[in-house]
Amino acid sequence: MRLRQVAFIARELQPIADQLGAVFGLEVGFRDPGVEYFGLRNVVMPVGGEFLEVVAPFRDDASGARYLGRRGGDAGYMVILQDADALAHRARIEAMGVRVIARSPSETYRYTHFHPADCAGVLMSIDSVEGDAAWREPKSEWPPAGPDWRDYQSAEALGIASVTLQSRDPLAACERWSALLERPAATRGEALEIALERGAIRFVAPVDDDGTGVVGLDIEVKDAGAALDRARAAGLPVADGAAQICGVAVRPVAI
C-alpha cells in the first residue's frame, strides 16, 4: 500500500495553487470534471509520483462546503491510498462496520470513499488501477491525474513523504487506521506513525479547535532551505520548518 494523493480544500482554488507553485514549483496537471458530481472543482498537481489535489466547493449543499464551515476555513481534506485490489479492501472494511459514502463506477479505476466519522474524522479512500502490475512504481498510472500528468513535473518537489492527521486521541486514531489498513504502527519522535510501502501516515494531538483532519504534509525536495525562503518571499507564515498553505503545515524535506 502506498500514499498516492492528498487533498486540500479551499474557498478558492487559484490562490492555493499559486502558493504551491511559488514554494514547490508545482504545476496544475489536470482538472477533473468528475469531481463536479460532489459539488467540487479541483486541480491536481504532480509531486514526483504522488499528487496534491486542491478542491473547492461550488454548491452550498456540497459536503465540502459544510466541511469548510466546520474547520473554519481552508484545510486539509482527504487521504487517498493505493493498493493492488481496492475491492478486497472495500469488502473487508465494510465488514468492520465502516460506511461507504462513494464508490467508483469504473471497472478500471476503482475507489472507495469511507465515512470520516468511521475513520477518526478523516475522509479516506483506498484505490486501485485494474490490471496495473506496476502500481508500486513511483510514476505508475494514476487516472485521477489525467493522461498527461508526467508532463507537469516540478524540478524541485520530488514526492510526498508523509501526511499528518490530528486527533483528540491520537493513539485511538492511530489504532483505528492501523486496523483499517492492516498495517502496524510505531512511535516516531513525538508522533505515532503507520509506515506504508511508499509514504507514511502520522497522528498528533490537536493543533486547532476542530481537532480532526489533515494538518501536515512532508514534501521531498532538493533544497528545503530554498523552499522555505520562497515561502517567506511569497508572504506565507513559516514556523518549525514548514510553510502554512491552505491551513496545513507543508514541510519541505531534503532528500
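The following legends describe close-up views of a predicted model. Local features require pLDDT of at least 70 and side-chain atom pairs count only at pLDDT 80 or more, whereas totals for chains, interfaces and linings use all residues. Residues are numbered from 1 along each chain as its sequence is written, and side-chain values use heavy atoms, with hydrogens and water left out.

View 1. Strands (E, at least two residues) and helices (H or I, at least four residues) are DSSP runs, numbered from the N terminus; two strands pair if DSSP finds at least two bridges between them.

**View 2. Strand 1 (residues 2-9) pairs with strand 3 in the parallel sense and with strand 4 in the antiparallel sense.** Five bridges join strand 1 and strand 3, where A7 stands opposite E53. Seven bridges join strand 1 and strand 4, where F8 stands opposite G76. Strand 4 also pairs with strand 7, in the parallel sense and over five bridges; M124 in strand 7 is the bridge partner of V79.

View 3. Strand 4 is mostly covered, as eight of its eight residues are buried. Buried means under 20% relative accessible area, exposed over 50%, and partly exposed in between (1.4 Å probe, protein chains only).

**View 4. Y67 and Y77 form an edge-to-face aromatic pair.** The ring centres are 5.1 Å apart, with 70 degrees between the planes. Rings of Phe, Tyr and Trp (its six-membered ring) pair if their centres lie within 6.5 Å; planes under 30 degrees apart count as stacked, over 60 as edge-to-face and the rest as tilted. Y67 belongs to helix 2 (residues 63-71) and Y77 to strand 4 (residues 75-82), so the pair ties together parts that are ten residues apart in sequence. Y67 is buried at 11% relative accessibility, and Y77 is buried at 10%.

**View 5. F51 and W142 form a stacked aromatic pair.** The structure holds seven aromatic pairs; in this one the centre-to-centre distance is 6.5 Å and the planes are 15 degrees apart. The pair links distant parts of the chain, 91 residues apart: F51 lies in strand 3 (residues 50-57), and W142 in the loop between strand 7 (123-129) and strand 8 (157-166). F51 is buried, with a relative accessible area of 0%, and W142 is buried, with 1%. Together with Y109, Y111 and W149, these residues form one aromatic cluster.

**View 6. R41 lies over the face of F58.** The distance from the ring centre is 4.1 Å. A charge sits over a ring if NZ of Lys or CZ of Arg is within 6 Å of the ring centre and within 35 degrees of the ring normal.

**View 7. The largest nonpolar core contains 54 residues.** Such a core is a set of buried Ala, Val, Leu, Ile, Met, Phe, Trp, Tyr and Cys residues joined through side-chain atoms within 4.5 Å. F24, L81, M124, W177 and I245 touch the most other members. Helix 1 (residues 13-24) supplies the largest share, six residues. Another core, of 21 residues, lies apart from the largest one and includes L40, V44, V129 and W149. Residues touched by F24 include I219, V221, I245 and V250, not counting residues up to four places away in sequence.

**View 8. A120 and D240 have positive phi values.** Most residues other than glycine have a negative phi. Phi of A120 is near 60 degrees; this residue lies in the loop between strand 6 (109-114) and strand 7 and is partly exposed, with a relative accessible area of 24%. Phi of D240 is near 55 degrees. D240 is placed in the loop between strand 13 (238-239) and strand 14 (242-245) and counts as exposed at 72% relative accessibility.

How values were computed: Contact means heavy atoms within 4.5 Å.
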